[in-house]
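The entries follow the order in which I went through them.

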Amino acid sequence: MFHIPKRDDGSDVIYFCGNSLGLQPKSVRGSIEQELEDWARLAVDAHFDGRTPWYSYHEVFRESGARLVGGRPGEVVYMNGLTVNLHLLMISFYRPSRSRPCILMEDTAFPSDTYAARTQIRLHGFDPEEALLIGKPRPGEYSLRTEDLESLIDREGDRIALVLFGGVNYFTGQVFDIERIVRAARARGCVVGFDLAHAAGNVPLRLHDWGVDFAAWCTYKYLNGGPGSVAGAFVHQRHHRSASLPRLGGWWGNDPATRFRMHLNTEFVPVESAEAWQVSNPPILSLAALKASLAIFDEVGMGALRAKSERLTGYLAHLIDELGRDRAGSPRYEVITPRDPARRGCQLSILVHDRPKDLFRALQAEGVVCDFREPNVVRVAPVPLYNTFHEAWRFAQVLARHG
Ligand SMILES: *Cc1c(COP(=O)(O)O)cnc(C)c1O
């Protein structure tokens, strides 16, 4: 179902890097070719006469694209890139005041998110050194305890305009308790948004029921949409009719009934859905790849995927634990991802005490594709859609030889 890169000897690599760039589904080529053919055959007329008309192409994702993250139809739209979406959504949902200027983020947030938050704070004339709050794990721990985060929100809530958290931390692989974070934030009057880059397609999500205000995610990691593929965005239904929200408008966010009236309609009339945040007409070739890829998720279902994922990652964690100590009893490998399966997705972050770079090179030489995060963490993600238990076992054999 997926194209798997080959080693020099023609065998498949062990691809444990779907947390960074997902493999190419074989169905993607046909989906893109259809749009290339329609472009060749119909050119501009494909906007209305194409097999999947481009004018409304993004609406193809109304049901399946929303289901994937537990959104209602109309709450999810695929557009732009992830960080761009965070900015567009923060324009509407980060409304700092002198008494409430702060954004609360997780420790070791992805750098792009930190840059976005810091520059948004500056955009409003505040100082990131004062207005950016960070929720940190306790000394000696790698995961942030939900109860510590709740008390931080409770304590600082008056100053927090926006809680902007990851769904899964990219470095440790910790799954955050979105439901409890939302409850704590809303109880203190804070807006709450999530970056789901490492969560979408990895763990089940119920964004609507949990009451998340907004979220954004990329589609090239677990969702296999291809390099730089168009990103996702969620806006809770309760905001769709709000006339008071500041927005940056563009024609694809306008009511489709009047979108093509062009200069005859100068007043921006936002469509009453997440699509109002779209701004530009979307990249059809990228949406075509995403359409093929999300069809796989729809067919398999997040429930079945998660069930396999818990077993596969649990098996790998068990194998690593068995290798964890050298003969003298001191730890060689330490999984810093939470042990509780409910608090992790498929990724394991392995802290390597002895010669971490050598281990990473050994893994590469043996045909394992994974990544290294300075100074000493190897991230591996056995992805339930295309990785196997046998690959987890073979990976552990490489670790054992290295020790
Ligand atoms: C991968 C990732 C990004 C990447 O941002 P782009 O805008 O897609 O380049 C940002 N944030 C997080 C948390 C990520 O994991």
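**Cavity, pockets and ligand**

I began with the largest cavity, which holds about 40 Å³ of space, where a volume is the space filled by probe spheres set on grid points joined across faces, edges and corners. For a cavity I used a 1 Å grid over the protein atoms alone and took a set of points where a 1.4 Å probe fits but cannot get out, whereas a pocket is an open set with protein on both sides within 12 Å along at least five of seven lines, and lining residues have an atom within 4 Å of a point. I noted that the model is predicted, that local features need pLDDT of at least 70 and side-chain atom pairs pLDDT 80 or more, and that totals for chains, interfaces and linings use all residues. Residues are numbered from 1 along each chain as its sequence is written, and side-chain values use heavy atoms, with hydrogens and water left out.

My search of the whole structure found one cavity of 30 Å³ or more. Among the residues lining the largest cavity I listed Leu-144, Arg-145, Gln-174 and Asp-177. This lining divides into four nonpolar, two polar and two charged residues, with Ala, Val, Leu, Ile, Met, Phe, Trp, Tyr, Cys and Pro counted as nonpolar, Asp, Glu, Lys and Arg as charged, and the others, Gly among them, as polar.

I then turned to the largest pocket, which holds about 210 Å³ of space. Its lining has 13 residues, and Val-175, Pro-204, Trp-210, Ala-342 and Arg-343 lie nearest the centre. By class I recorded eight nonpolar, one polar and four charged residues there. Domain 1 (33-298) and domain 2 (301-402) each give at least three residues to this lining, the bounds coming from an automatic or database domain assignment.

For the second largest pocket I noted about 180 Å³ of space. Of its 18 lining residues, Phe-110, Asp-113, Asp-195, Ala-197 and His-198 are the closest to its centre.

Which pocket is the space taken by the ligand? I found that the ligand takes the second largest pocket, the test being that more than half of its atoms lie within 2 Å of the grid points.

Last, I checked polar contacts (pairs of N or O atoms within 3.5 Å). Polar side-chain atoms of Thr-83 lie 2.5 Å from a ligand oxygen, and a polar side-chain atom of Asp-195 lies 3.2 Å from a ligand nitrogen.

Terms used. Polar contact = N/O pair within 3.5 Å; in protein donor to acceptor, adjacent residues only side chain to side chain.
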